[in-house]
Amino acid sequence: MTQLPDGRYVDDAPYDPKAALQQPERRDLDAPNWVLVWRKFKTHKLGLVSGIFLLLSYLMLPFAGFIAPYTANERNGDHLYAPPQSVNWFHEGEFVGPFVYPIVAEADMETFQWVFVEDTTTPRPLEFFCEAGDYRLAGLIPTDTHLFCAPEGATVFLWGSDRLGRDVFSRILYGAQLSLTVGLIGITVSFTLGIFFGSLAGYFGGRTDWFINRVIEILRSLPELPLWLALSAAVPSNWSPVAVFFIISVILGILDWPGLARAVRAKFLSLREEEYVRAAEMMGAGSGRVIRKHLLPNFMSHLIASATLSIPAMILGETALSFLGLGLRAPAVSWGVMLNDAQNLASIEIYPWTAIPMLPIIVVVLAFNFLGDGLRDSLDPYQQ
Amino acid sequence: MSILRYAVYRFFTMLLTLLVVSVLVFVIINLPPGDYLSNQIAELRASGQSAGVEKAEFLRREYALDRPLWEQYMIWMGFMPGPHGFSGLIHGNFGWSFEFDRPVAEIVGESLWLTVLVNLAAVLFVYVVALPLGVLAAARSRTWVDYTSAFVGYLGLATPNFLLALILFYYGHRYFDLPIGGLMDPTFEGQPWTWEKVKSVLIHLIVPTFVIGTSGASAMMQRLRANMLDELGKPYVETAIAKGMAPARMLTKYPLRVAFNPFVADIGNLLPSMVSGSVLVSVVLGLQTIGPTLLTALKTQDQFLSAFVLMFVALLTLMGTMISDVLLVLLDPRIRYEGRET
């Protein structure tokens, strides 16, 4: 701080007239788009958590067999409809490490049901990295090592067992493999069709536009589920589960594209008149190149956000179809197939744990919704 | 006068759409290899019952199933004379159900009305629930009212319909003594309509309506809330507040009026998914609508029955969309009569 002869005070710190441009908020103008998006997305806590959760879930898929203590169709004839078991750490006040109590089925002669009683005298510690049923890691490498498995003479049904004595927890993990990928395949189909037809309609306009628009309107005005039902009923029942699975995902995608195509078309209509499009055309770019290089990148991120929002509908669709017995069928394992067992009130009343597969469905669908909302909000980094 | 012309125009586009839909439905129904009768014939041949084969062959000729597909379609619709002259959908002949061995019209009969009833109830439910909640959530945005309704709405969107149905049925029966399954007390089935029967149907409707309407209501609520929030930030609202208008009156008089338009337009978008939902829920809850009939018909390849049910479901949604379009024009004078496109 120096005092001038006329008594004024002046700051000695060097002054740079361009400093204002280098302030943190100015930096945003030059940052690449994805950095801006990421920065904004980070502030959307719910979306971030959902995104991480979904990422982990999808990463888990190849290792489902490793995490699950049983294989998908392994039956345990002595433990039909066994209730969920808890993993304990202390036995009679003493630390033993994770263990389970063996359960024994006893017939209740009054209700004619099997009652499962815990034998609390003999704790059986869980085994880790142990050998149990054969499976293929990531569908390729045959192995029989599991993260944890049932100790000798006991079972470990974390979420109970079903009608045939299969472990619900393991089946949920295996079911995730199909239930979660159905949405991805379906959205790929719907994405491709939607972008193709939407850009055709929006870019060329005229008769093409009119025709595609009518198709979109008709498809959108039809109730989806009956059509899904009719189409899946057309899938021959002697096909392998994998083929059925692919066809079902494609069917889900085929009926989903109109919404996306409509959005694409609207965007194209407004962007088609921009100067840079005309410039590209004048320089001799073909319509395919203009669409791919100049128009689509403009709103690809928006499309991804809306695709994220339509994956849940497909997951729910698969569940509904399988639930009705028209989608995937046993021995394929998906959440819908599992819920097929919980179809009647009796099983919900007596064996509530057979309805557990609804929890992952709800959680995944919610997560996709939140992630989509977060993405949509953060894709416009310049908008305050 | 021009509203009438618009309504007529809308009606004709609906008929045209319905025509396209009928082609679509017919193709989808005939996608699986074979049909009910040829499956039956193969089965009868395998078990060596030649008498049955003859009857089935006769039926095949009788219903023109031995002709090329496009001719079958024309006969089914009634554009072309079949073995017994013109007699198709447009003449009121809905075809024959091979599975039940009765005319389709007889099988669907009352369930058509019940289907309409269930869907109407669900639409009403959507309005009754979404309107006050959406307005409330907007007026009290960022308070617990808003967050609670958003949370419930998200849950409603995320829970599979059929599970919600089962769970609500169970708890509804346990704690509120609501009846389980069906749309009326079994004693009233096939009886003429009396006050008692109406009451029984109404009580049975509670859970299905709730289940079918929930996801629609939550979607509608979120939309209404967003629209209301947009309107609430506008200067005229500020003016109204500054004049000293009571908040409730101010809300209903100005912003709600504007936010109401998408509300009506939306029902057209929601209807397809709600009708879908009602089919699924009917199957799970055993309602006497056409849902369960559709499922059986599809599983057994009973083609005329399933085609008719699909057509009816499509008609239902198209009618709903048409009505919502016409209502929207009535409600919002800014909309041009040419349609929704801009």
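Modeller: Helices (H or I, at least four residues) and strands (E, at least two) are DSSP runs, numbered from the N terminus. Counted that way, chain A has 14 helices and nine strands. Bear in mind that this is a predicted model, where local features need pLDDT of at least 70, side-chain atom pairs count only at pLDDT 80 or more, and totals for chains, interfaces and linings use all residues. Residues are numbered from 1 along each chain as its sequence is written, while chains are lettered from A and ligands numbered from 1 in the order in which they are written.

Let's start with how chain A fills space. Its C-alpha atoms take up a box of roughly 100 × 75 × 40 Å along the principal axes. UniProt, in an unreviewed entry, puts "domain: ABC transmembrane type-1" at residues 176–372 of chain A (positions follow the numbering used here, feature names are shortened, and annotations may be inferred rather than shown by experiment). In the model, residues 176–372 of chain A are 80% helix and 0% strand, with the end C-alpha atoms 20 Å apart. The unreviewed entry also lists "transmembrane region" at residues 46–68, 172–205, 225–255, 303–330 and 350–371 of chain A. Two of those spans are worth a look. Residues 225–255 of chain A are 74% helix and 0% strand, and their end C-alpha atoms lie 10 Å apart. For residues 303–330 of chain A, the ends are 35 Å apart, with 79% helix and 0% strand.

Now zoom in on helix 5 (residues 168–204) and helix 6 (residues 206–221) of chain A. Their axes come within 7 Å and cross at roughly 140 degrees (axes are lines fitted to C-alpha atoms, for helices over the stretch in contact, and angles run from 0 to 180 degrees between N-to-C directions). Helix 5 and helix 6 of chain A are therefore oblique to each other (under 35 degrees is roughly parallel, over 145 roughly antiparallel, 65 to 115 roughly perpendicular, and the rest oblique). Helix 5 of chain A brings Phe197(A), Leu200(A), Ala201(A) and Phe204(A) to the contact, and helix 6 of chain A brings Gly206(A), Thr208(A), Asp209(A), Ile212(A) and Asn213(A) (contact: C-beta atoms, placed from the backbone, within 7 Å). By class, that contact has five nonpolar, three polar and one charged residues (nonpolar: Ala, Val, Leu, Ile, Met, Phe, Trp, Tyr, Cys and Pro; charged: Asp, Glu, Lys and Arg; polar: the others, Gly among them).

Over in chain B, there's a pair to set beside it. Helix 6 and helix 8 (residues 195–232) of chain B pack at about 135 degrees, with their axes 8 Å apart. That makes helix 6 of chain B oblique to helix 8 of chain B. The contact of helix 6 with helix 8 of chain B divides into four nonpolar, seven polar and no charged residues.

Finally, the place where the chains meet. Chain B gives 37 residues to the contact and chain A gives 30. Elements of chain B that give two or more residues include helix 1 (2–29), helix 6 (144–158) and helix 13 (303–331). Chain B's side holds 29 nonpolar, seven polar and one charged residues.

Key
Contact = placed C-beta atoms within 7 Å.
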